Amino acid sequence: MTRQRLGACLVLLLLIVPAPLRAQGVSGYVEEKAFGYAERSNSRDPWALGWGTLFSKWEEKVGETQLTASVRGEWITSDEQGSRVFDPADRHIRRPPLSVPDLWLRLPLAPALDLQLGRFQLGWGKTDGYSPADAFLPRDFSDPFSDEKISLWAVRLSGEDGQFRYEAVVSPVTTPWRLPVLGSRNAPLTAAGVPAGTVVQEVDTPPPWAGFAALRILATFGQWDLGAWGRFGVRPAPLLEFRFDRATPGPTGLSVPVERRYAREEAVGIELSRIIGSWIVRGEAATLFSRDRDLGNALIGALSAEKGFGDGTLLVTLAGNAITPPVDTSLLYDRAILPALITAWNRSEEWGEWKLVWSAGLSHGDGLLKGEVGYNISDVWKLTIGSELPYGSEDGPFGALHAAKRVHVALRRSW
Amino acid sequence: MILTAAFLSTLCAAVGWGADARALLKESENRHRTRSQQYAGELTVVNKDGKVRRKGWKSFREGYAGDARNLIRFTDPPEVKGVGFLSLARPGGQNPDQWLYLPSMKRERRIAAQDRDASFVGTDFNYEDMEEFDHEKYKVALQGEQSVDGHPCYVITAIPLEKGGKSVYEKKILFLRKDILYLLREDLYRKGDKEPTKRFILSDLQQIDGHWVARKMEMSDLKKGSRTTVLLKEIAFDRPVVANRFTLQNLNREGGD
């Protein structure tokens with residue numbers, strides 16, 4: 001199916017899905033999203049682009065066993081979508097038109113012990129703004145302003161014993177981070193020291209098969225929540241290898257192949273959370289060990305404070321890395337924005353909700369302002385309007401995205 | 001409050017102040033006490049402009065009043081499907097521990113006591129309204145009698161005690177049906193308000209499994225002009241409780257209940 005046909009199908013579905021289409025255990029949505037840009041970083045960047053999504057999820061319980069499967073069809077007008085129709089483990093560099101974010105079953109081995117198998121999403125960490133426990137999990141950065149996690153093929157054992165909860169995860173297959181098209185407005189590579197005019201040729205380097213293993217323990221004692229975790233294996237965020245040795249001259253400059261490699265990394269971390277008056281204060285610290293020459297080690301801390309204001313929540317997070325990495329931080333992705341101060345305010349209204357996020361990079365004085373308003377037209381129709389405005393020094397992780405300033409509008413039909 | 005209508009009728013009296021009211025509430029608790037309750041709720045939220053939104057949840061409760069444990073799992077609409085709420089009573093009349101599970105985050109979020117005035121998932125209930133009533137947290141007094149929907153009722157004032165933790169409300173006025181000692185109405189006063197801020201009405205009483213239960217509950221926000229109605233279906237009392245239902249692990253079970 002061509003992109004145009006897939007897009008037409010999504011538009012049609014958005015219009016014709018009967019209301020209310022509800023089946024036992026089936027949910028989903030159709031969404032059409034449009035982006036408009038004020039700048040371009042090069043002539044290949046479009047002024048506007050469209051993003052259509054059809055998502056359907058099926059959930060069933062057979063006895064005590066939970067079965068869940070979901071499928072997503074997408075149509076993107078830009079190069080963020082690859083030609084490969086289906087990528088079952090999201091191991092390739094571009095988004096496929098079809099994917100399976102969920103395909104898992106959960107078996108109770110005992111009343112307080114579950115085994116989950118298949119493809120599912122993990123959510124770790126207690127600090128919503130930036131969490132070192134969560135940061136290593138693979139994300140799709142095709143849209144650099146969204147925070148979309150990629151599901152993992154994994155086995156998870158989780159249980160509870162009194163005040164303690166524990167979770168062991170083994171992911172036998174590396175699911176890598178997906179990066180934007182290198183050299184586009186979403187990944188301009190200005191901070192990487194690449195000469196102006198250089199054209200990069202991304203090589204779809206296969207990630208290693210081995211994944212990672214992780215263990216996490218949580219405990220609740222009154223107003224305190226405590227946690228500790230450890231993991232080892234392949235770090236899913238890639239390290240870019242600019243192969244200047246294989247560069248060829250092009251019309252505007254060098255044409256350089258860029259390969260990806262994946263380092264092994266071990267990490268341990270702790271997390272603390274406490275209710276203090278009307279605030280929930282959280283702290284996380286993690287030590288990350290790598291023998292890789294470009295990655296190096298890291299000592300990452302995050303401190304956040306959250307307060308509710310009626311139907312709104314204010315969350316302030318300060319995060320940083322005490323160890324300066326050997327290469328430009330912006331090339332390390334899972335820690336690229338550090339040090340940063342992230343302030344997020346969201347609020348539910350009778351008509352919908354809104355959120356404002358200000359991420360300030362503390363190294364270069366750059367930052368990102370995000371705002372979004374969602375209006376509930378009905379129980380199943382929703383209109384969302386928003387904007388992302390990176391600003392400041394182009395040497396910083398946010399300021400480098402200055403050409404990606406944009407507004408967006410989305411219409412979603414759920415069922 | 002919303003988790004069980006029978007519960008709401010068992011608002012117990014506090015010590016010392018208003019012995020008659022306490023005796024009535026204790027008797028109400030004795031009559032309507034159940035070990036567990038579950039139901040499917042159909043919610044209708046109507047805002048001041050008349051715009052209607054519908055939601056659905058499944059509610060489970062184990063224990064009673066001051067030792068109650070509650071789990072709510074939203075089933076509808078799609079944007080809140082799978083959202084879970086767990087409330088565990090704490091000893092000594094302290095505010096219960098509460099968590100909200102958000103499927104989009106794949107983890108739970110703890111609710112601070114001061115957040116209890118926030119709207120519960122877009123309804124006219126706040127997090128305190130979702131708590132089970134604990135008699136140790138109130139002093140009560142019998143104010144007189146008044147008819148509600150043609151039923152003579154005792155009118156009882158309940159004022160939160162400081163030791164029970166901070167309350168959103170300064171005062172609650174309870175209307176207890178005289179013949180069956182069942183709560184029919186509750187007027188809720190926020191701090192400094194002369195008029196009730198919210199009104200909770202229970203109606204369509206029926207006997208199920210030998211217990212009186214209101215099949216319709218309505219919370220009106222008198223200041224905002226909105227209201228949330230809950231119709232209770234598939235009500236069951238004292239059924240065997242699934243092991244570990246009221247745990248954080250179960251709250252985090254995607255697709256679980």
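Colleague: With which side chain does the side chain of R110(B) make a polar contact?

Modeller: This is a predicted model. R110(B) sits in strand 6 of chain B, which covers residues 107–110. Its side chain has a polar contact at 3.1 Å, and the partner is the side chain of D97(B).

Colleague: Which residue has its backbone oxygen 2.6 Å from a polar atom of the side chain of R110(B)?

Modeller: R110(B) touches residues of chain A, including T220(A), W224(A) and I280(A). In chain B, it touches D97(B), Q98(B) and W99(B), not counting residues up to four places away in sequence. The backbone oxygen that lies 2.6 Å from a polar atom of the R110(B) side chain belongs to G222(A).

Colleague: Is R110(B) buried or exposed?

Modeller: The relative accessible area of R110(B) is 5%. Buried means under 20%. R110(B) is therefore buried.

Colleague: Where in chain A is G296(A) found, and is it buried or exposed?

Modeller: G296(A) is in the loop between strand 17 (279–289) and strand 18 (298–309) of chain A. Its relative accessible area is 14% and the limit for buried is under 20%, so G296(A) is buried.

Colleague: Which residues is G296(A) in contact with, leaving aside its neighbours within four places in sequence?

Modeller: P326(A) is 30 residues from G296(A) in sequence, yet the C-alpha atoms of the two are 6.3 Å apart in space. With neighbours within four places left aside, the contacts of G296(A) are S290(A) and P326(A).

Colleague: How many residues are in the largest nonpolar core?

Modeller: In soluble globular proteins, nonpolar side chains tend to be buried together. In the largest nonpolar core of this model, the residues that touch the most other members are W57(B), F74(B), L100(B), F120(B), I156(B), L176(B) and V230(B). Another core, of 27 residues, lies apart from it and has Y130(A) and W229(A) among its members. The largest core has 53 residues.

Colleague: What radius of gyration does chain A have?

Modeller: Chain A has two helices and 24 strands. Its C-alpha atoms fill a box of roughly 65 × 55 × 45 Å along the principal axes. A compact globule of 415 residues would have a radius of gyration near 22 Å, and chain A agrees with this at 22 Å.

Colleague: What is the radius of gyration of chain B?

Modeller: Chain B has three helices and 13 strands. The globule rule gives 18 Å for 257 residues, and the value for chain B is close to this, so chain B is as compact as a globular protein of that length. The radius of gyration of chain B is 17 Å.

Colleague: What share of the accessible surface of chain B belongs to carbon and sulfur atoms?

Modeller: Of the 257 residues of chain B, 61% count as buried. The accessible surface of chain B is about 9,800 Å². Carbon and sulfur atoms hold a share of 47%.

Colleague: Over which residues of chain B does pLDDT stay under 50?

Modeller: The mean pLDDT of chain B is 86, and 92% of its residues reach 70 or more. Among the elements of chain B, helix 1 (residues 5–8) has the lowest mean pLDDT, 43. Where pLDDT is low, the predicted coordinates should not be read in detail. The stretch of chain B under 50 is residues 3–19.

Notes: Residues are numbered from 1 along each chain as its sequence is written. Chains are lettered from A and ligands numbered from 1 in the order in which they are written. This is a predicted model: local features need pLDDT of at least 70, side-chain atom pairs count only at pLDDT 80 or more; totals for chains, interfaces and linings use all residues. Side-chain values use heavy atoms; hydrogens and water are left out. Helices (H or I, at least four residues) and strands (E, at least two) are DSSP runs, numbered from the N terminus. Buried means under 20% relative accessible area, exposed over 50%, partly exposed in between (1.4 Å probe, protein chains only). A polar contact is a pair of N or O atoms within 3.5 Å; within protein, one must be able to donate a hydrogen and the other to accept it, and residues adjacent in sequence count only if both atoms are side-chain atoms. Contact means heavy atoms within 4.5 Å. A nonpolar core is a set of buried Ala, Val, Leu, Ile, Met, Phe, Trp, Tyr and Cys residues joined through side-chain atoms within 4.5 Å. The radius of gyration is taken over C-alpha atoms; the globule rule is 2.2 Å times the number of residues to the power 0.38. pLDDT is the predictor's confidence in each residue, from 0 to 100. Accessible areas come from the Shrake-Rupley method with a 1.4 Å probe; for residues, only the protein chains shown count as cover.
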